[in-house]
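Please open the structure in your viewer and keep the sequence beside it.

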Amino acid sequence: MGYLNSRNIMITLPQIIKGLVIPVGILFIWQLLSYQIHNNFILPGWGEICSILFIPGEPLFGGPSLLENSFYSLERVLAGFLLAIIVAVPLGLICGWSKEVYTYVNPFIQIIRPIPPIAWMPLAIAWFSIGFGSIIFIIFIGSFFPVLISTLDGVRVVRIHWLEVAETLGATTTEKFLTVVIPASLPFIWTGLRVAFAVAWMCVVAAEMLPGTSAGLGYLIMYAYNLGQIQVIVAGMVIIGIIGIASDCFFRIGQARFFSWQGKE
Amino acid sequence: MKDILVLDGISKVFSDGISVYPALSNISFAIRKREIVCLMGPSGCGKSTVLRIIAGLMKADAGMVHSGVCDEPACIHAAMVFQEHGLFPWLSVYDNVAYGLRLKIRSFKETEIRKRVTTLLFLVHLEAFSSSLPHQLSGGMKQRVAVARALAIEPEILLMDEPFSALDSYTRMELEDEVLRIRHEMNTTFLFVTHNPEEAVYLADRIIVLSARPATVRDVIPVSFPYPRDIGDPQVIEVIRLVTRMVTSKEK
């Protein structure tokens, strides 16, 4: 074991170079193949793809640009994600703290949780109609459970010892909750947010690919597919990947900055 | 000197729903201000239970814990230092020590808190580490922070539940001297659970020896050597032997 457990987030130059070998290799092979196949409907060259990526502000197919479509998707993700946090974090804190509430709520959670978020799409459209509302609902469903489950775990592993220390120093039940339970479970909640954001990001792209939407990266990819513009599809995928990595980095940096104490006592 | 804590006929029975296990039986003793009293006894005899009852973490089934300071049963003002330091890992050393002072029952002003915490950090020689997080400290330093945190609420008595047993022996000796120095400087009263006869004889004014379960007070050994004590002194060694014999012998 060992190397996977390393909490060291510093990355050395040789590591970066080693990590780049495979992606660069694939790009190279892709380029060779596209040259060989010479058919933009199957495998566009990177020149074509980059010509889309390098002008992200230009309107595409007379509609929103790559950048604008990204913002639409991000806006939806953030709305659904924040809504999920607002509901899931307090609920998780209460369920983790009170055995009684947990007994009531847990079976319901376990029943709903395995349903893939996208399976809710028809119901979402029936309830919230096509567009913003139904997509937000899907994202909410997708990010709600990771946040809830990790908040629950966070509260349930709070050490009794900490609570006893707080009690001997004179903390009331409310104070124990505010000054011990919440800070002790924050790293778990944060991990939940990280997982939830990744799920939400996948949900938004999938939801936007369904009929009825008129903007967003998922929509752009499907629209480009219908027009046979494969280079736009790949460009859209690249943007989706970049935003995914960037958000994950954000959560990782937050983890290192604020929760470095976790697991080390 | 007047009594600061009186235990009067404390009994405790544990139950797992099927059978009952008597833990403490009619334990009575008193502790005077500025005393260091060590509580010893065979493993599992209920020494920690006594401390937990005094600290209010557990209720006795019979008997009373009185404070010498007031008659209200709720006003026994004890703080506890555990074997596991129990520092809050997300708070800095400073905020850990300030924790008890920021609670509603005290609601000190931030300037008053600063004054007290700074004084305490000097007392335990950790003034340079006030913004460190607990995981950046050594085991001995963590336990010093735990002591400072407990002292911050100005308890009538400090309950120490085998606080140094997880430390290496050099650090342990250092912290034992700290205890004596803190008593000297702050007139603190200590009730100190330990397994270590040397530690008990080095620190205590009196050693209370409990019997095996259900625990009763088996004997009280006064230790009258002047401080600082030399645990190599033949007379001191004699007392250490006596204590060791009392704790390990099976007879009641």
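Which residue of β4(B) does B:Leu5 stand opposite? Select B:Leu5, and then B:Ser67 in β4(B), which stands opposite. This is a predicted model, in which local features need pLDDT of at least 70, side-chain atom pairs count only at pLDDT 80 or more, and totals for chains, interfaces and linings use all residues. Residues are numbered from 1 along each chain as its sequence is written, while chains are lettered from A and ligands numbered from 1 in the order in which they are written.

Next, select strand β1 (residues 3–15) of chain B together with β4(B): the two pair in the antiparallel sense over five bridges. Strands (E, at least two residues) and helices (H or I, at least four) are DSSP runs numbered from the N terminus, and two strands pair if DSSP finds at least two bridges between them.

Now show the whole of chain B, which has seven helices and nine strands. Its C-alpha atoms fill a box of roughly 55 × 45 × 40 Å along the principal axes.

Finally, select where the chains meet: 15 residues from chain A and 19 residues from chain B take part in the contact (C-beta atoms, placed from the backbone, within 7 Å). On the side of chain A that touches chain B, α7 (160–168) and α8 (173–209) of chain A each supply at least two residues. Here α7(A) gives the most, with six residues.

Notes
Contact = placed C-beta atoms within 7 Å.
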